[in-house]
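Subject: Handing over the structure

Dear colleague,

I am passing on to you the structure shown below, and after it you will find what came out of going through it. Please keep it open beside this message while you read.

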Amino acid sequence: DGYAAQPQLKGIDADMLPAFKPQMKSGAADLGRWQVIVGAKVGESFTDPSVQSGDNRVELLDLQDQTLTVKLTRTDEDGTVVTRIVRLQVAGVLEARGSDYDYSIFMTLSDVAELNTWATGVQVNRRLEGYAQARVLVSDPSQQAALEKQIQDEGFFAMSPNQILQQINQTYVALQAFVGGIGAITLLIAGTGIANTLITAIYERTAEIGLMKAVGATTRQVMVIFLAEAAAIGGGGGLAGLLIGIGVSQIVGAVAGQQVSQQLAGAGGSSPAIVVVTPLWLIVGAPLFAMAVGIVAGLYPARRAAQLDPVVALRYE
C-alpha cells in the first residue's frame, strides 16, 4: 500500500542458517532465490510517505508471505541516476531476539552479492578479497571471553557484547566514584553539622543536664539521651532526603522513560520504559544509615554532656 521502511539488508549463507538457531514467529527458516526472513521489528518500522506532517507511522504490519519492493539507485559516471526494482518474497518472520537482528532483513549471500555488484559496478571475489567482518556464535556464553581473546591473538579485531558491557560498566564505575566522593563530602558536612548542633544544645541545656545528674541520672543515661537525639536528627534528615530523592527520581524516570519508549516503540506504541528503579534495600537502609551517621557524629557531644560535673552544671548560666 505504498508504505516505506529502511531496514538493514544482510546476506547469510543459506546452508549456515540453522547454526544461528532462528526462532520463527511465522513461516519457515528457508532462503531461496529472492526470498527473505525479516526481523521481528521490521513490521513496526513502516511509515506512510503520503502523511506530510505529524506521526506518519503505520500499524504493525504482518509481513508473512508479503512481497517487499526494494528500490535501489546508483549514479553512473556520466551523472545518470539509474534505478532498479527488486521484489522479495517473505518466507518467514523471526521472533524478537534483540540488537540489530530485529530490524534486519536476511537474504542469501548470492542475492546480496548481486545487489552490491549492481550498485558498485564491481564484482568482488570473496574467496580472494574476504569479508569486512564476520559474526561468530558461541555455543557456551561462558567461553565468550576466551574465544574473543583467541581471535584477537590471531591478529583480528574482535568486539563482543561483553566488551561493550565492560566499557559501559567502567563509565558507571567512574561516575559512581565521582558521586560517591560528593556523597562522602556531604556526609562529612552533615556529621559536622549534627555535632555542632548537639554541642550548642549542651551549652543551652547545661543546667538541665546538671539537674538530671543531681536527681540520679547516670552518665550512661545522659549519653543515651543525646545519642537518641543525634539519631533522630540523622534519621529524620535521611528520611526526608529519601522521600525527596524518590519523588525527583520518579519524575525524571517518567520523563526519560517516555522519551526512551518513543524512540523504541513501533507503530503500535508501547508502555513507558522503566529507567529508574529504587531497590527495597535502599528504602530501608538509607534512614538507618543516616541514623548511624548521626550517632557517630553525636558520640563526642554526648560524652561531653555525660561528663559534666553536676555542681558546675547547676551553677551554669
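To begin with burial, 26% of the 317 residues in the protein are buried, where buried means under 20% relative accessible area, exposed means over 50%, and partly exposed lies in between, with a 1.4 Å probe and only protein chains considered. Please bear in mind that this is a predicted model, in which local features need pLDDT of at least 70 and side-chain atom pairs count only at pLDDT 80 or more, while totals for chains, interfaces and linings use all residues. Residues are numbered from 1 along each chain as its sequence is written, and side-chain values use heavy atoms, with hydrogens and water left out.

Turning to the overall build, the protein has eight helices and six strands, which are DSSP runs numbered from the N terminus (helices are H or I with at least four residues, strands are E with at least two). Read from the N terminus, the order of the elements is β-β-β-β-β-β-α-α-α-α-α-α-α-α. The radius of gyration of the protein is 34 Å, well over the 20 Å that the globule rule gives for 317 residues, so the protein is more spread out than a compact globule; this radius is taken over C-alpha atoms, and the rule is 2.2 Å times the number of residues to the power 0.38. Along its principal axes, the C-alpha trace spans about 105 × 50 × 40 Å.

Among the contacts in the protein with a separation of 6 or more, 70% come from residues 24 or more positions apart, a contact being heavy atoms within 4.5 Å. The accessible surface comes to about 21000 Å², and 59% of it belongs to carbon and sulfur atoms, with areas taken from the Shrake-Rupley method with a 1.4 Å probe and, for residues, only the protein chains shown counting as cover.

The next topic is charge pairing. Side chains of opposite charge can pair when their charged atoms come close. A salt bridge is here a side-chain nitrogen of Lys or Arg within 4 Å of a carboxyl oxygen of Asp or Glu, and by this rule the count comes to seven.

One of them joins the side chains of arginine 33 and aspartate 111, at 3.1 Å from N to O. This pair links distant parts of the chain, 78 residues apart, with arginine 33 in the loop between strand E2 (24–27) and strand E3 (35–38) and aspartate 111 in helix H1 (residues 109–120). Arginine 33 counts as exposed because its relative accessibility is 53%, whereas aspartate 111, at 0%, counts as buried.

Another salt bridge is formed by lysine 149 and aspartate 153, whose closest N and O atoms are 3.0 Å apart. Both residues lie in helix H3 (residues 144–153), four residues apart, which is about one turn of the helix. Elsewhere, salt bridges that share partners join Arg33, Arg84, Asp111 and Glu114 into one network.

Finally, please look at arginine 304, which is found in helix H7 (residues 280–306) and, at 32% relative accessibility, counts as partly exposed. Leaving aside residues up to four places away in sequence, arginine 304 touches Ile199, Ile202 and Tyr203. The C-alpha atoms of arginine 304 and alanine 174, which are 130 residues apart along the chain, are separated by 41 Å.
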